[in-house]
Amino acid sequence: MLAQTRRMRVFENWDTTLKIPALFLLMMSMALIRDQHLIPLLPCIAAILFIASGIPLSLLLSRFRAPVVFLLFVCVFLILFSEGEALLRIGPVVLKSQGAILALNTCVRVLSVITVGIIMIHTTPLPGLSAKLKKMLIPHILVDIGVMTGRYIMVIGEDYSKMRTARKLRGYVPGKSLSRRFGVIVPTAATLLIKGFQQSERVFNAMRMRGYGSSAAEEERGSALERPSVSSLLMFLVTVALSVLLIILEITVETA
Amino acid sequence: MHIPDGMLPGEICAAGYAGSAVLTWICIKKARSSNEDTAGIVSRASVMAAAFFVVSWIHIPLPPASVHPILAGLMGILLGWISFPAILVGLFFQAAMFGHGGFTTLGVNALSMGGAGLLAWAMYRLFRRKSGERAILVSGFVAGFAGVSFAVIAVGSVLILTIPAYINAGTEVSAVLAMAAAHLPLALAEGVFTALVARFLLRVKPDMLM
């Protein structure tokens with residue numbers, strides 16, 4: 001447990017301004033790999049990074065739930081509708097060998113890239129993130145929208161939770177008829193939107209009063225960020241080199 | 001409906017990012033030209049994106065199952081040009097918090113969902129020539145239906161067209177059509193939901209409707 005926490009800290013201490021571009025580049029280069037001889041490299045890279053990051057396996061598996069459903073549909077489509085030799089015949093259904101290989105490659109690639117994405121997001125500390133994202137040339141307006149959205153999801157989510165509790169306390173039992181269900185869902189959704197709209201007006205006034213958008217306020221917010229450590233720089237260089245190597249390998253194999 | 005990481009080739013992901021960056025810039029510029037300052041854009045987009053995020057937790061009954069609303073149409077109606085950056089940020093949070101969608105595919109997902117929001121807004125404006133509840137019900141339904149339909153066709157087309165070889169063109173077209181047909185009940189449910197929410201807002205807070 002202590003070793004896991006220590007390993008996680010290594011990734012957490014990796015400077016965000018270097019970690020996000022490096023891991024994002026790695027994800028993009030992994031997504032580029034199509035050759036089946038290079039595909040086995042992807043789970044190896046993902047596994048090494050996963051072990052090094054110290055993220056709990058349960059977290060990783062829980063995050064696979066949503067993409068696995070999507071992957072299942074894609075795999076069934078590929079196995080059934082690909083052209084080529086038949087792998088297996090079950091009555092009128094023919095499973096194709098090339099489709100099966102393609103489906104396997106897709107699954108391995110998707111799960112590997114997702115693993116790196118999970119490592120990137122779960123080892124990034126939130127304090128000071130907005131300033132670092134702005135330093136990474138992400139438009140300020142998008143970073144500000146992101147930061148405030150994150151904050152208000154909690155606020156409005158709590159409102160929704162209170163509304164649901166109040167509904168239950170008043171003895172509401174969801175009926176089976178569609179009209180009855182819509183009769184409850186629509187006012188709930190619309191009320192949440194109205195609350196959000198009113199909140200946005202209050203936030204707008206507060207931002208204007210604090211001088212949001214003026215050059216003086218921007219200068220004050222854009223304080224100098226600390227320099228990345230040598231280890232951060234080293235990890236960045238290794239990851240970028242790995243990404244470039246993957247791209248070169250894919251291009252070489254493809255042209256060969 | 002969100003494409004996960006690793007599903008699309010790197011070059012398509014990069015093109016998706018380039019496309020959504022251009023569209024975000026255009027949308028913010030358009031919003032600013034209609035007398036909206038930066039504080040207004042940030043506050044409205046962020047708080048409404050959060051509200052939409054929470055509303056998407058509510059499930060619409062669609063026997064025998066239930067689905068969560070996509071809300072691209074409703075976001076288009078309520079936010080207009082700002083709907084695109086708001087949807088972009090919302091998709092980022094869905095990828096980060098629940099693993100729906102992905103980080104490399106964020107640009108492509110934003111183009112399909114955000115594009116759906118903008119299209120829905122255009123349809124809403126086209127159909128809402130008259131005032132009154134009937135007009136809002138019709139335009140709301142069209143916006144909700146068009147939003148889901150566009151998103152499904154866009155996601156389906158991108159997926160099918162980027163799957164390498166072994167599948168002939170006829171099968172690819174059939175697959176996109178089959179995917180659209182399978183999502184028809186969802187589009188209808190979203191249309192009804194959008195129309196009813198728009199009517200509710202017209203009665204209670206009409207200044208929210210663009």
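**Exercise 1.** Find how many salt bridges a search of the whole structure turns up, then look at the one that R203(B) takes part in.

*Solution.* Start with the total: over all chains of this predicted model, the search gives two salt bridges. Next, zoom in on R203(B), whose side chain meets that of E133(B) with 2.7 Å from N to O. The cut-off is 4 Å, so this pair counts as a salt bridge.

**Exercise 2.** Work out how α6(B) and α8(B) cross.

*Solution.* First locate the helices: α6 covers residues 133-162 of chain B, and α8 covers residues 184-204. Their axes come within 7 Å, and the crossing angle is roughly 145°. As for handedness, α6(B) passes α8(B) in a right-handed crossing. Sorted by class, their contact has 14 nonpolar, five polar and four charged residues.

**Exercise 3.** Describe the contact between chain B and chain A.

*Solution.* Count residues first: chain B puts in 76 and chain A puts in 63. Now the area: about 5900 Å² is buried between the two chains, and carbon and sulfur atoms give 83% of that. Then check the pairs: there are zero salt bridges between chain B and chain A, while four residue pairs are in polar contact across the interface. Which element of chain B gives the largest share of the side that touches chain A? That's α2(B), with 18 residues.

Terms used: Residues numbered from 1 in each chain as written. Chains lettered and ligands numbered in written order. Predicted model: local features only at pLDDT ≥ 70, side-chain atom pairs only at ≥ 80, totals over all residues. Heavy atoms only, no water. Axes fitted to C-alpha atoms, helices over the stretch in contact; angles between N-to-C directions. Helix = DSSP H or I, 4+ residues; strand = E, 2+ residues; numbered from the N terminus. Left-handed = near helix turned anticlockwise from the far one by under 90°. Nonpolar A, V, L, I, M, F, W, Y, C, P; charged D, E, K, R; others polar. Contact = heavy atoms within 4.5 Å. Buried area = accessible area lost by both parts, 1.4 Å probe. Polar contact = N/O pair within 3.5 Å; in protein donor to acceptor, adjacent residues only side chain to side chain.
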